[in-house]
Amino acid sequence: MSLAARDKNVIWHPFTQHQSTSFPVPITSASGAYLIDEKGYRYLDLISSWWVNLHGHGHPIIAKAIYEQAMQLEHVIFAGFTHEPAIRLAEELIKILPNGFGKIFYSDNGSTAVEIALKLAYQYWKNLGESQRKRFIAFKSGYHGDTFGAMAVGKQSGFFSAFEDLLFHVDTFAYPAIWLNDPMQLQKEDLVLIEISQFLEKYGHETAAMIIEPLVQGAGGMQMCSTRFLKNLETLVRSYGVLIVYDEVMTGFCRTGDYFACLKSQTTPDIICMAKGITGGFLPLAVTACQDFIYKSFLGETFVNAFAHGHSYTANPLGCAAALASLALLQQTETQHQIKMIEKVHSEELSKLYNSDVINALRYCGTIAAFNLVMTTNYGSDRSNHLKEKFHQRGLIIRPLGQVIYMLPPYCVTEDELRNAYVIVMEELEGVKA
Ligand SMILES: Cc1ncc(COP(=O)(O)O)c(C=O)c1O
């Protein structure tokens, strides 16, 4: 029996309507920017395997770091015990985070990093005796993961209608969603700021925190905002004492060009969530980093103030070793050149497509490029699946997000590979129109 048929017998895949989806593609190996299937076909991984891969698949330096760590210490409970990889990774991350970030809390994935951020923000105010601060601000079409808190702040992502009745109340505002040469940019951004300002005037004293995907909203359709917007938002929200949480699960580790979107935008949140690219795409690991003043509010004579949260695999040493190796690779000059090259290719290739009649809303931020299809297509629709298969047949892994086509390649992609991908994508999109 083929791998695909065996899979069909026993596997339930994430974000998949099994009745209408064709067999998954069995991948048997991977190397650099390519995934290779059982027949030996190679696919350029333009989505970095759900945005986790940074340096290419099977990178020998990360693989070796994991192997060596496994031979030394594979895992230990992280309450009451510690280990060098977790300490060193925290030290390294703190070096590249904005000033004031003094503590790193580990978990396993983006959703848990967000749960922790929300719980920290909520309990912070309780610990200070301001338990009236219960409200959270989030953004429409924001996506922060699939656990309950993360679903609540991402309730308008369009994925969670089945659970709506169970989600706690969150106040949501439009994300500016700007694109290149967008004549409405200032109006869009200022309108959002005005609405948030009016809300805060009324409810600022009851609001615990605001969570945002800075610069780029991922699963909500690679929607973008400017650094100007983030700066103004920061000033506004701070003036009401509300905590700022940056969900950098996707934007972290140079996806937007700088190590973190907060650095690129020169804004300083109070809490930052990281996951996905942290291990270079090898192992599940996540971090919720917080400012010292938040940590201090959890100190006290009894356990009541403490943060009662932890996962079995918190700070897994293999994950930490992978993350350290990945971070060292990220800091190499060659990797930084590659990141700049990707941004340049996005900019140049998109500029050739301004007059296309099949796509619009062209945008990029660092290594992430996106545009909208003029024709309507929904997430997981037949049309969207058809497009996905067309791209597969042409050797590209691209997963449309509804009407949005995006490219977010591993940093080892070559200039020719990326430029050629643009040609193929446009040929296929023109073909669908014809
Ligand atoms: C911005 C953002 N936050 C959180 C998550 C959830 O991460 P995970 O899938 O690792 O739980 C995602 C996943 O796509 C994300 O894009």
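Tutor: Start with a term: a residue is buried if 20 or more other C-beta atoms lie within 10 Å of its own. By that count, 46% of the chain's 434 residues are buried. Keep in mind that this is a predicted model.

Now the core itself. The largest nonpolar core has 127 residues. Five of them touch the most other members: Ala113, Ala117, Ala121, Val245 and Tyr406. Helix α5, residues 110-127, supplies the largest share of this core, with 9 residues. Domain 1 (3-58 + 335-433) and domain 2 (63-330) each give at least three residues.

Look closely at Tyr406. Leave out residues up to four places away in sequence, and Tyr406 touches Met222, Ile368, Ala369, Ala370 and Leu401.

Next, the ligand. Helix α5 turns up here too: α5 gives the most to the shell around the ligand, with 3 residues. That shell holds 14 residues, and Asn109, Gly110, Ser111, Gly145 and Val249 come nearest. By type, the shell has 6 nonpolar, 6 polar and 2 charged residues.

Finally, step back to the whole chain. It has 14 helices and 16 strands. Its radius of gyration is 22 Å, close to the 22 Å from the globule rule for 434 residues, so the chain is as compact as a globular protein of that length. Its C-alpha atoms fill a box of roughly 65 × 55 × 45 Å along the principal axes. Take the contacts between residues at least 6 apart in sequence: 73% of them join residues at least 24 apart.

Notes: Residues are numbered from 1 along each chain as its sequence is written. This is a predicted model: local features need pLDDT of at least 70, side-chain atom pairs count only at pLDDT 80 or more; totals for chains, interfaces and linings use all residues. A nonpolar core is a set of buried Ala, Val, Leu, Ile, Met, Phe, Trp, Tyr and Cys residues joined through C-beta atoms within 7 Å. A residue is buried if 20 or more other C-beta atoms lie within 10 Å of its own, exposed if 12 or fewer, and partly exposed in between; C-beta atoms are placed from the backbone. Helices (H or I, at least four residues) and strands (E, at least two) are DSSP runs, numbered from the N terminus. Domain bounds come from an automatic or database domain assignment. Two residues are in contact if their C-beta atoms, placed from the backbone, lie within 7 Å. A residue is near a molecule or strand if its C-beta atom, placed from the backbone, lies within 6 Å of it. Ala, Val, Leu, Ile, Met, Phe, Trp, Tyr, Cys and Pro count as nonpolar, Asp, Glu, Lys and Arg as charged, and the others, Gly among them, as polar. The radius of gyration is taken over C-alpha atoms; the globule rule is 2.2 Å times the number of residues to the power 0.38.
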